[in-house]
Amino acid sequence: MPICARCFGITLGILVLGPLLSVFTFGNMWVSLSLLFLMILDGFLQLKNILKSDNFRRLVTGLGFGYGLFTIPVHVVVESVFLASGNRLVPLLFVLMNKA
């Protein structure tokens with residue numbers, strides 16, 4: 001069953017890009033929201049025939065949307081847990097490197 005480039009990008013962003021980049025950095029909530037907005041804007045411009053979207057653009061905006069969709073709940077949980085406890089936020093990679 002074929003899948004469109006945007007849906008493939010969203011799936012890849014959620015399953016691969018989100019967890020992979022979360023190991024190195026927590027990122028920024030505004031970046032995640034901006035990536036969500038970019039895909040919505042791309043879809044709207046294509047719907048109104050203002051801009052034709054090709055498969056590469058659909059894949060890239062889908063990856064960004066998937067990453068944003070993955071990281072927003074992570075931001076909410078991590079920031080609420082760590083800020084409530086007063087601990088400093090550090091990426092998982094730094095925690096693993098300091099254990100060795």
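Colleague: How many helices and strands does the chain hold?

Modeller: Start with the element count. This is a predicted model. The chain has 4 helices and 0 strands. Along the sequence the pattern reads α-α-α-α.

Colleague: What share of the contacts in the chain with a separation of 6 or more comes from residues 24 or more positions apart?

Modeller: Look at sequence separation next. Residues 24 or more positions apart supply 83% of those contacts.

Colleague: How many of the residues count as buried?

Modeller: Burial is read from relative accessible area, and the cut-off is under 20%. Of the 100 residues in the chain, 25% count as buried. The accessible surface of the chain is about 6900 Å². Carbon and sulfur atoms hold 74% of that surface.

Colleague: Take helix α1. What does its reach from first C-alpha to last come to?

Modeller: Compare the end-to-end reach with the expected span. Helix α1 covers residues 5–24, which is 20 residues. Its reach is 26 Å, close to the 28 Å expected at 1.5 Å a residue.

Colleague: Where does α1 bend?

Modeller: Check the axis residue by residue. α1 bends by about 45° at G13. G13 is also one of the buried residues of α1.

Colleague: Which residues of α1 are buried?

Modeller: Helix geometry comes first. An α-helix has 3.6 residues a turn, so residues three or four places apart point the same way. Now the case here. The buried residues of α1 are A5, R6, G9, I10, G13, G18 and S22.

Colleague: Why does A5 count as buried?

Modeller: A5 is in helix α1. A5 counts as buried because its relative accessible area is 18%, and the limit is under 20%. Then check its partners. Leaving aside neighbours within four places in sequence, A5 contacts N55, R58 and L59.

Colleague: How many salt bridges does the structure hold?

Modeller: Look for charged side chains that meet. There is 1 salt bridge. The side chains of R6 and D42 form it, at 2.5 Å from N to O. The pair joins distant parts of the chain: R6 sits in helix α1, D42 in helix α2 (residues 29–47), 36 residues apart.

Colleague: Are R6 and D42 buried or exposed?

Modeller: Check each partner. Both R6 and D42 are buried.

Colleague: What does T61 touch?

Modeller: T61 is in helix α3. T61 counts as buried because its relative accessibility is 15%. Not counting residues up to four places away in sequence, T61 touches R6, M39 and D42. R6 and D42 are the salt-bridge pair.

Terms used
Residues numbered from 1 in each chain as written. Predicted model: local features only at pLDDT ≥ 70, side-chain atom pairs only at ≥ 80, totals over all residues. Heavy atoms only, no water. Helix = DSSP H or I, 4+ residues; strand = E, 2+ residues; numbered from the N terminus. Expected span 1.5 Å × (residues − 1). Bend = angle between axes of the 7 residues up to and from the residue. Buried < 20%, exposed > 50% of the residue type's maximum accessible area, 1.4 Å probe, protein only. Salt bridge = Lys/Arg side-chain N within 4 Å of Asp/Glu carboxyl O. Contact = heavy atoms within 4.5 Å. Areas by Shrake-Rupley, 256 points an atom, 1.4 Å probe, with all protein chains shown as cover.
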